[in-house]
Amino acid sequence: MALDVQKIRADFPILQRQVNGHPLVYLDNAATSQKPQVVIDAIVDYYSNYNANIHRGVHSLSQEATDVYEAARNKIQQHFGIQHAHEVIFTAGTTHGINLIASGFSSFLKKGNEIIVSALEHHSNIVPWQMLCERTGATLQVIPMKEDGTLDLSAYISLLSEKTKLVFVNHISNALGTINPIETIIQKAHEVGAAVLIDGAQACSHIKPDLAALDVDFYVTSAHKMCGPTGVGMLYGKEVWLKKLPPYQGGGEMIKEVSFEKTTYADLPHKFEAGTPNISGGIAFGAAIDYLNNIGFDAIEAHEKGLLEYATEQLLQIEGLRIYGTGVKKTSVISFNIEGIHPYDIGTIVDKLGIAVRTGHHCAQPIMDFYKIPGTVRASFAFYNTKEEVDRLVAAVSKAKQMLT
Amino acid sequence: MTIKTIQEELIDEFAMFEDWMQKYEYMIELGKSLPLIEPSLKTEDKLIKGCQSKVWLHSELKDGKVRFTADSDAIITKGIVAILVRVFSNQSPEAILAADTSFIDEIGLKEHLSPTRANGLVSMIKQMKLDAIAYQTQLKT
Ligand SMILES: Cc1ncc(COP(=O)(O)O)c(C=O)c1O
């Protein structure tokens with residue numbers, strides 16, 4: 001079913017604004033998505049009508065807030081095809097989820113163990129694994145990438161052994177948009193008894209992963225990339241794993257009984273949810289998931305595929321323009337450069353024309369080093385973008401090229 | 001010419017432009033005309049790292065004046081680098097230290113000097129001043 005993009009755009013107040021005298025063309029969706037009115041309303045509604053701390057009060061407001069918050073957890077559970085609601089842990093976002101797992105694994109790892117990450121990672125997310133290796137004496141292995149921006153799977157398979165304890169790969173690369181073959185990655189890791197954590201930060205705005213079918217051990221994502229608010233996200237973990245992992249932070253909510261001799265921890269999911277959470281954020285995350293499902297991921301995927309094909313074709317008309325990450329399976333992200341022009345210069349000019357793109361290394365320095373470039377211009381499209389906006393991007397990039405050469 | 005005069009000259013020059021596009025075209029021109037730093041001086045220790053674009057800065061003291069040469073890998077950044085070199089080069093360390101950069105605001109390029117822009121320009125100004133301090137000390141001893 002085709003999507004009525006004009007009707008959808010009316011849901012997003014920010015898309016009506018002007019930037020530098022031009023109607024905004026927002027093509028930095030891979031950094032964060034814009035928010036529809038229903039998500040904004042969910043936050044306002046919570047604070048206006050039923051703000052209370054959750055899971056503790058006997059009073060009605062607290063009960064109401066708890067119910068809506070827990071309903072959001074159930075929405076996440078259903079959306080991602082998760083078996084139990086207590087396997088959904090609310091986090092502050094992808095980064096928090098990754099650190100939670102890295103910290104938990106420090107009690108399982110020892111010298112001689114190995115962790116595998118991919119060369120396509122968001123570089124800040126390599127750091128928790130480096131820290132984990134420093135703490136435990138485990139070593140970090142890297143799956144190399146190929147020229148087309150895809151992972152070298154045969155290299156991955158040869159890295160796997162009984163020493164491998166954990167594999168960390170992103171579902172979709174933020175710098176290039178490459179969709180990684182996580183089914184194979186998960187299956188091969190399981191053959192040697194390793195656990196797998198998938199970073200879904202870039203995936204969940206484009207596709208609807210079925211986590212049960214994937215048989216993945218852990219999956220993390222951020223609400224803000226999927227029309228939800230910033231500072232909230234989810235960690236999925238298989239029940240067996242979440243029971244095994246030690247708690248990450250100590251505090252309220254995560255305890256059952258406390259004495260100075262011994263504290264027993266709360267059951268899942270509360271064991272990993274210390275302190276008062278981002279209640280409005282969790283609730284609005286639920287609203288964002290409803291919003292996306294009302295549009296439907298089939299319609300979203302079809303629309304974005306159309307935009308990607310059209311934008312690729314149009315941009316390649318510009319002489320000297322090169323697109324990085326030409327792997328067949330990719331989402332609506334185009335990372336490019338024009339020969340002889342610095343990406344920063346292109347970003348600066350197109351911004352003057354009201355177009356928001358990202359320039360730089362996109363927190364993926366190893367990928368930029370691979371291509372021997374300082375960075376790229378990245379245009380990332382969402383379901384609310386239009387072909388007319390692609391035209392404006394292409395015109396602005398052509399203008400930038402003319403000014404800069 | 002004093003720093004103040006050069007700054008006023010720049011403000012006048014930029015006031016002639018009717019829109020941002022002319023202004024940027026001029027900056028790009030300035031960037032292209034900046035006397036290049038000697039390639040042999042474009043070493044790691046002369047490099048000021050912004051996360052987005054790189055700036056190289058070299059200075060030397062000649063007849064009591066500081067001479068700056070600089071470069072950037074991004075042309076718009078280089079245009080601003082050229083402006084800063086024009087303002088601060090061939091001045092005494094004292095004058096450099098006493099100068100401010102509010103003229104950048106007046107010519108409408110403030111956004112490029114934002115510390116969050118990560119283009120190396122804020123660090124470049126800081127480095128120019130640090131060099132001036134070093135030469136000032138050198139001249140006194
Ligand atoms: C692939 C990937 N992982 C992780 C992150 C970090 O997400 P957050 O900042 O929401 O924790 C991002 C965000 O840019 C990302 O693109």
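**A walk through chains A and B**

Okay, let's start inside chain A. The buried residues of helix 3 of chain A pack against helix 2 (37-50), strand 4 (88-91), strand 10 (233-237), helix 10 (279-295) and helix 11 (297-315) of chain A. Contact, or packing, means heavy atoms within 4.5 Å. Helices (H or I, at least four residues) and strands (E, at least two) are DSSP runs, numbered from the N terminus.

Some housekeeping. This is a predicted model, where local features need pLDDT of at least 70 and side-chain atom pairs count only at pLDDT 80 or more, while totals for chains, interfaces and linings use all residues. Residues are numbered from 1 along each chain as its sequence is written, chains are lettered from A and ligands numbered from 1 in the order in which they are written, and side-chain values use heavy atoms, with hydrogens and water left out.

Back to helix 3 of chain A. It covers residues 60-79, which is 20 residues, and goes 28 Å from first C-alpha to last, close to the 28 Å expected. That expected span is 1.5 Å times one less than the number of residues. Its buried residues include A65(A), Y69(A), A72(A) and I76(A). An α-helix has 3.6 residues a turn, so residues three or four places apart point the same way. After the helix comes G81(A), with a positive phi near 65 degrees.

Now, how do the two chains meet? On the chain B side, 18 residues are in contact with 15 residues of chain A. Together they bury about 1500 Å², 60% of it on carbon and sulfur atoms; that area is the accessible area (1.4 Å probe) that two parts lose on being put together, summed over both. In chain B, W20(B), Q52(B) and I76(B) lose the most area to chain A, together 36% of what that side buries. Across this interface there are zero salt bridges, meaning a side-chain nitrogen of Lys or Arg within 4 Å of a carboxyl oxygen of Asp or Glu.

Which elements of chain B give two or more residues to that side? They are helix 2 (20-33) and helix 3 (75-88), and helix 2 of chain B has the largest share, six residues.

So let's look at helix 2 of chain B. W20(B), Y24(B), M27(B) and I28(B) are among its buried residues. Those buried residues pack against helix 12 (343-352) and helix 14 (387-404) of chain A, and also against helix 1 (3-15) and helix 3 of chain B.

In helix 3 of chain B you'll find I80(B). Is I80(B) buried or exposed? It's buried, at a relative accessible area of 0%. Leaving out residues up to four places away in sequence, I80(B) touches M27(B), L109(B), H112(B) and L121(B).

Most residues other than glycine have a negative phi, and most peptide bonds are trans. C227(A) isn't a glycine, yet has a positive phi of about 70 degrees; it sits in the loop between strand 9 (218-222) and strand 10 of chain A, and counts as buried at 2% relative accessibility. D63(B) also has a positive phi, near 50 degrees, but D63(B) is exposed, at 77%. And the bond from L268(A) to P269(A) is cis, with omega near -5 degrees.

Definitions and conventions: Buried < 20%, exposed > 50% of the residue type's maximum accessible area, 1.4 Å probe, protein only.
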